[in-house]
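Dear colleague,

I am handing over the structure below, together with an account of what was found in it. Please read the notes alongside the coordinates.

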Amino acid sequence: MEEWKRVAWSDESRFLIHYVDGHVKVRHLEGEQLLPSCMSGHTQAGGGGIILWGTFSWAALEPVIVVEQTMKVANYLNIIADQLHPCMAFVFPTGNGIFQQDNAPCHKARIVLE
């Protein structure tokens, strides 16, 4: 099997209901700035959002899951244990699969066991 066909990747993305992470640019002509079509609404406290996580490889596209909490290292490790390990065992039953992460901060944070 070609080396790249043995690799599995995962990624997570946050989707917001409203544009609260940045500025919304609205173009208008002089004198139009108060027209309803040139205004952008705002929901207090952001209006909510959702984080989705999924994994994929040459051989399989696994179901996307909803992440209930902020993606921090402990939550990420739980997702890896609950979602990625079974996927890797199913897609690469001989144990020859390689998991490649994207070095997001929660992926490379150190966890201290007490």
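A residue is called buried when its relative accessible area is under 20%, exposed when that area is over 50%, and partly exposed in between, using a 1.4 Å probe and protein chains only. This is a predicted model, in which local features need pLDDT of at least 70 and side-chain atom pairs count only at pLDDT 80 or more, while totals for chains, interfaces and linings use all residues. Residues are numbered from 1 along each chain as its sequence is written, and side-chain values use heavy atoms, with hydrogens and water left out.

The chain has 2 helices and 4 strands, where helices (H or I, at least four residues) and strands (E, at least two) are DSSP runs numbered from the N terminus; their order from that terminus is β-β-β-α-β-α. Buried residues account for 25% of the 114 residues. With contact meaning heavy atoms within 4.5 Å, 66% of the contacts between residues at least 6 apart in sequence join residues at least 24 apart.

Beyond its neighbours within four places in sequence, Val67 is in contact with Ile51, Trp53, Asn75 and Ile79. Asn75, for its part, sits in helix H1 and counts as buried because its relative accessible area is 13%; with the neighbours within four places again set aside, Asn75 contacts Val67, Gln69 and Thr70.

Which charged residue is buried yet has no salt bridge? That residue is Glu12, whose nearest side chain of opposite charge, Arg14, is 10 Å away; here Lys and Arg count as positive and Asp and Glu as negative, with His and the chain ends not counted, and a salt bridge is a side-chain nitrogen of Lys or Arg within 4 Å of a carboxyl oxygen of Asp or Glu. Glu12 lies in strand S1 (residues 7–16) and, not counting residues up to four places away in sequence, touches Ile51, Leu52, Trp53, Met71, Ala104 and His107.

With kind regards
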